[in-house]
Amino acid sequence: MTFKVDFKVRDYECDLQGIVNNSVYFNYLEHARHEFLYAYGIDFAQLAKDKINLVVMRSEMDYKHSLLPGDEFYVAVEPQRISRLKFAFKQTVIRKNDEKVMLNALVIGTSVNEKGRPFLPEQIDNVFKTTT
């Protein structure tokens, strides 16, 4: 199952080279993950209020090509179950006009309770059961 979120590069996201700054891709990926969760009825902000914190444990990014100001693109999100307590999001940034892959990423996470101990709440566990 692949989930997609549309974006358009804003001028202020670009650096002096005229391309999207590498750090901005983290924002694109994070927003797409949050939208994915929201589509499954999971509100990231509400989880935090409930003292359930989703945390990134590892991020891997393979930059393929640079996005430019005004480029329209989407971030594809594919959830993956890693283990009993870990999940991953395979994410791809794809430029719309030619379907060119701009970036491949793998973001691995878990959730922690108010004591900082890893656990997977039922609503997160269910998302990764139904999507894998």
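Q: Let's start with Tyr63: how exposed is it?
A: Keep in mind that this is a predicted model. Tyr63 comes out as partly exposed, because its relative accessible area is 39% and that class lies between 20% and 50%.

Q: And Tyr25, buried or exposed?
A: Tyr25 counts as buried, at 2% relative accessibility.

Q: OK, rings now. How many aromatic pairs are there?
A: The count is 11 aromatic pairs. One of them is Tyr25 with Tyr63: the ring centres are 5.5 Å apart and the planes sit at 75 degrees, so the pair is edge-to-face.

Q: Where do those two sit in the chain?
A: Tyr25 is in helix 1 (residues 24-39) and Tyr63 is in strand 2 (residues 53-63). They are 38 residues apart, so the pair links distant parts of the chain.

Q: What about Phe87 and Phe89, why is that pair called edge-to-face?
A: Their planes are at 80 degrees, with the centres 5.8 Å apart, and over 60 degrees counts as edge-to-face. Phe87 is buried at 5% relative accessible area, and Phe89 is buried at 5% as well.

Q: Which cluster do they belong to?
A: Ring pairs join Phe87 and Phe89 with Phe3, Phe36, Tyr40 and Phe128.

Q: Switching topic: which way do the side chains point along strand 1?
A: They alternate along residues 3-8.

Key:
Residues are numbered from 1 along each chain as its sequence is written. This is a predicted model: local features need pLDDT of at least 70, side-chain atom pairs count only at pLDDT 80 or more; totals for chains, interfaces and linings use all residues. Side-chain values use heavy atoms; hydrogens and water are left out. Buried means under 20% relative accessible area, exposed over 50%, partly exposed in between (1.4 Å probe, protein chains only). Helices (H or I, at least four residues) and strands (E, at least two) are DSSP runs, numbered from the N terminus. Rings of Phe, Tyr and Trp (its six-membered ring) pair if their centres lie within 6.5 Å; planes under 30 degrees apart count as stacked, over 60 as edge-to-face and the rest as tilted.
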